[in-house]
Amino acid sequence: MMTFQELFASEFMINLVIRALIVGLLVTLCSSLLGVSLVLKRFSMIGDGLSHVGFGAVAIAAALNMSNMKLIVSLPIVVITAFLLLRWGNKGKTKGDASLALVSTGAVAAGSLLFNLSGQRSTDICNSLFGSASLFTIGDVDLILSAFLSVAIITLFVFFYTKIFAITFDENFAKATGIKTNVYNMLIAVLTAVTVVLGMNMMGSLMISALIVFPAMTSMKVCTTFKGVLICSSAVSVVCFIIGFFTACLAGWQTGATVVCVNIIAFFIFTIAGKITRKSIAKQ
């Protein structure tokens with residue numbers, strides 16, 4: 001346990017907190033935007049599948065004594081997997097959720113065995129699954145990549161909003177109007193993969209997929225338009241992360257698990273608020 005005074009006791013600690021907070025907020029914002037489209041397309045489990053692959057990739061880095069380069073090792077593996085999952089799910093004999101289940105369980109099993117080759121198996125697995133409680137795990141590379149990622153995703157949703165909307169709700173209609181649906185689906189999958197990899201360091205491989213699902217599902221309890229859900233999802237994800245981040249820092253808990261618990265509380269609050277709102281409208 002620590003206090004706010006201890007957390008901001010020195011310039012060094014302030015820099016660590018600010019860097020971790022910025023990276024977390026950017027990853028959270030990216031996850032919430034991508035999550036709306038993925039949830040509505042009923043493909044939200046891709047985040048969970050990719051996060052499990054990320055766990056396996058981190059295990060490979062640990063087994064090769066390259067833990068300090070796990071971002072470099074994980075990024076290409078998860079991005080390639082996202083590409084293959086989309087191709088496999090659409091054209092292969094094993095469809096959608098089945099292909100995700102195969103990849104997810106296989107990656108976790110392989111990762112767990114590979115961690116046996118590293119020096120600190122229990123510590124490595126705990127941090128990889130649930131996120132690190134230390135601010136030292138967030139580096140400048142995470143900050144730079146998160147900034148580029150957020151610019152790319154915000155640009156996608158601002159300038160190609162109509163096409164994303166069409167692909168999300170009626171892919172066949174979008175294809176008939178000349179929209180290259182495969183290109184946009186692949187772009188969303190790749191951006192999701194990068195988001196998952198960047199978020200795993202802080203949130204953990206088991207927790208990062210919650211940032212994709214919870215804000216979108218929470219916002220849908222009170223919002224009825226696509227744009228409204230996007231805006232509300234972004235706001236909810238940011239607020240929940242800030243609360244969870246500082247709670248985890250002060251209590252010494254894993255950031256991932258704490259942020260997800262805050263999101264769960266928000267989900268129930270919005271569920272109750274949505275029911276009350278619908279009842280009041282029905283009475284009028």
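Predicted model: local features only at pLDDT ≥ 70, side-chain atom pairs only at ≥ 80, totals over all residues.
User: What makes the chain as compact as a globular protein of its length?

Analyst: It has 13 helices and 0 strands. The globule rule gives 19 Å for 284 residues and the radius of gyration is 19 Å, so the chain is as compact as a globular protein of that length. Along the principal axes, the C-alpha trace spans about 55 × 50 × 30 Å.

User: Why does Ser 37 count as buried?

Analyst: Buried means under 20% relative accessible area. Ser 37 has 1% relative accessibility, so it counts as buried. This residue lies in helix H2, which covers residues 11–40.

User: Which residues is Ser 37 in contact with, leaving aside its neighbours within four places in sequence?

Analyst: Contact requires heavy atoms within 4.5 Å. With those neighbours set aside, Ile 164, Thr 168 and Ile 188 are in contact with Ser 37.

User: What percentage of the residues in the chain is buried, and what share of contacts with a separation of 6 or more comes from residues 24 or more positions apart?

Analyst: Of the 284 residues, 48% are buried. Residues 24 or more positions apart account for 76% of the contacts with a separation of 6 or more.

User: How far apart are the mean positions of the positive and negative charges?

Analyst: Lys and Arg count as positive, Asp and Glu as negative. The chain has 18 positive and 9 negative charges, and their mean positions are 16 Å apart.

Key:
Residues numbered from 1 in each chain as written. Heavy atoms only, no water. Helix = DSSP H or I, 4+ residues; strand = E, 2+ residues; numbered from the N terminus. Rg over C-alpha atoms; globule rule 2.2 N^0.38 Å. Buried < 20%, exposed > 50% of the residue type's maximum accessible area, 1.4 Å probe, protein only. Charge placed at Lys NZ, Arg CZ, Asp CG, Glu CD.
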